[in-house]
Amino acid sequence: MALAERLGAFAGQMFDANLEGVEITFEGEVAALNVKPLTAAALAGVLRPMLAEINMVSAPAVARERGVTVSESRQELSPIYESLIRVTIRTDMGRRAFAGAVIAGAPRIVEVKGIELDAAFAPSMLYVNNLDRPGFIGALGALLGDAGINIANFNLGRIAAGDDAIALVGVDETPPEALVARIRQLPHVKEARALRF
C-alpha cells in the first residue's frame, strides 16, 4: 500500500498538463492479490497534488467526475523483481511511466522514463532529468550546498554514457522554487522538480 501511494504521489507531481488517464500495472507476485485497494491508493497519490483532501476511498469517484480514465492490468511475471507496480499517467502532452518495488521491506523507485535506478523515497526529494555529461553532479551539489540544503542520498540512472540521465536526490529540506529554477538553468538539464512525500 505504501509503495502504491508513494508511486502515485511521485507520478502526480510529475506533470503540468491536463490529466486524462492513469494506468496501473501489477507485475509478479502482486498480480495474484486483490489489487483494487492498491489501485485506489495509487490513484489517491496521483490526485493529491491537485486535491489535498483526497483519499483512497474518494479517489476513484473523483477521477470519474473529472473524466480521468483509470485502468489496471496484471502480468504474472516480472523480469527483475518479485513484484513491481508501474503507474503511467496520460496527459494531453503525452505519457510518463514510473515503476517501484518493495526491496528489503521498503518501497523504492526503480524506473523513471524507462531509465532504471534504485532510490528510496524521502520526505523531500529533487528530481532532475539531464544529459549525462561530466561536471553535472558537481554543479548540482554546489548549488545545493550554496543554498544550505544538505543531501541525504543521491541516486542516478542513465540510458548510456552521454545520453538521458535521471538524478533522484533525497534532501533534508524542500528546495525553494527559486533554487529549482537555477537548477533548470544548469547546462544539459531538461527538467527539474522538487518533490514531497
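This is a short walk through one predicted protein chain, from the overall fold down to a handful of residues.

Okay, some housekeeping. The model is predicted, so local features need pLDDT of at least 70, side-chain atom pairs count only at pLDDT 80 or more, and totals for chains, interfaces and linings use all residues. Residues are numbered from 1 along each chain as its sequence is written, and side-chain values use heavy atoms, with hydrogens and water left out.

Let's start with the whole chain. You'll see five helices and 10 strands; helices here are DSSP runs of H or I with at least four residues, strands are runs of E with at least two, and both are numbered from the N terminus. The radius of gyration is 17 Å, close to the 16 Å that the globule rule gives for 197 residues, so the chain is as compact as a globular protein of that length. That radius is taken over C-alpha atoms, and the rule is 2.2 Å times the number of residues to the power 0.38. The C-alpha trace spans about 45 × 35 × 30 Å along its principal axes.

How much of the chain is buried? The figure is 47% of the 197 residues, where buried means under 20% relative accessible area, exposed means over 50%, and partly exposed is in between, with a 1.4 Å probe and protein chains only. As for the surface, the accessible area is about 9,400 Å², and 52% of that belongs to carbon and sulfur atoms. Those areas come from the Shrake-Rupley method with a 1.4 Å probe, and for residues only the protein chains shown count as cover.

Now contacts, meaning heavy atoms within 4.5 Å. Take the contacts between residues at least 6 apart in sequence: 68% of them join residues at least 24 apart.

On to the start of the chain. Helix H1 covers residues 2–12, and eight of its 11 residues are buried. Among them are Leu3, Leu7 and Phe10. Is glutamine 13 buried or exposed? It's buried, at 17% relative accessibility. Its side chain reaches back to the backbone oxygen of alanine 9 at 3.1 Å. That's a polar contact, which is a pair of N or O atoms within 3.5 Å; within protein, one must be able to donate a hydrogen and the other to accept it, and residues adjacent in sequence count only if both atoms are side-chain atoms. Not counting residues up to four places away, glutamine 13 touches Pro49, Arg193, Ala194, Leu195, Arg196 and Phe197.

That list takes us to strand E10, residues 189–196. Alanine 194 is in that strand, and it's partly exposed at 29% relative accessibility. Leaving aside neighbours within four places, alanine 194 is in contact with Gln13, Met125, Leu126, Thr174, Pro175 and Val180. For a sense of distance, alanine 194 and threonine 91 are 103 residues apart in sequence and 20 Å apart in space, C-alpha to C-alpha.

Which side chains does glutamate 191 make polar contacts with? One is arginine 96, at 2.6 Å, and another is arginine 193, also at 2.6 Å. Beyond four places in sequence, glutamate 191 touches Met14, Arg96, Tyr127, Val128 and Asn129.

Next, helix H4, residues 136–146, which holds leucine 143. Leucine 143 is buried at 11% relative accessibility. Setting aside residues up to four places away, it touches Leu179, Arg182, Ile183 and Leu186. Leucine 143 and leucine 186 are 43 residues apart along the chain, with their C-alpha atoms separated by 9.6 Å.

Last stop: a couple of backbone angles. Alanine 104 has phi near 55°, a positive value in a residue other than glycine. You'll find alanine 104 in the loop between strands E4 (94–103) and E5 (106–112), and it's exposed, with a relative accessible area of 84%. Histidine 188 isn't a glycine either, and its phi is positive at about 75°. That residue is in the loop between helix H5 (177–184) and E10, and at 40% relative accessibility histidine 188 counts as partly exposed.
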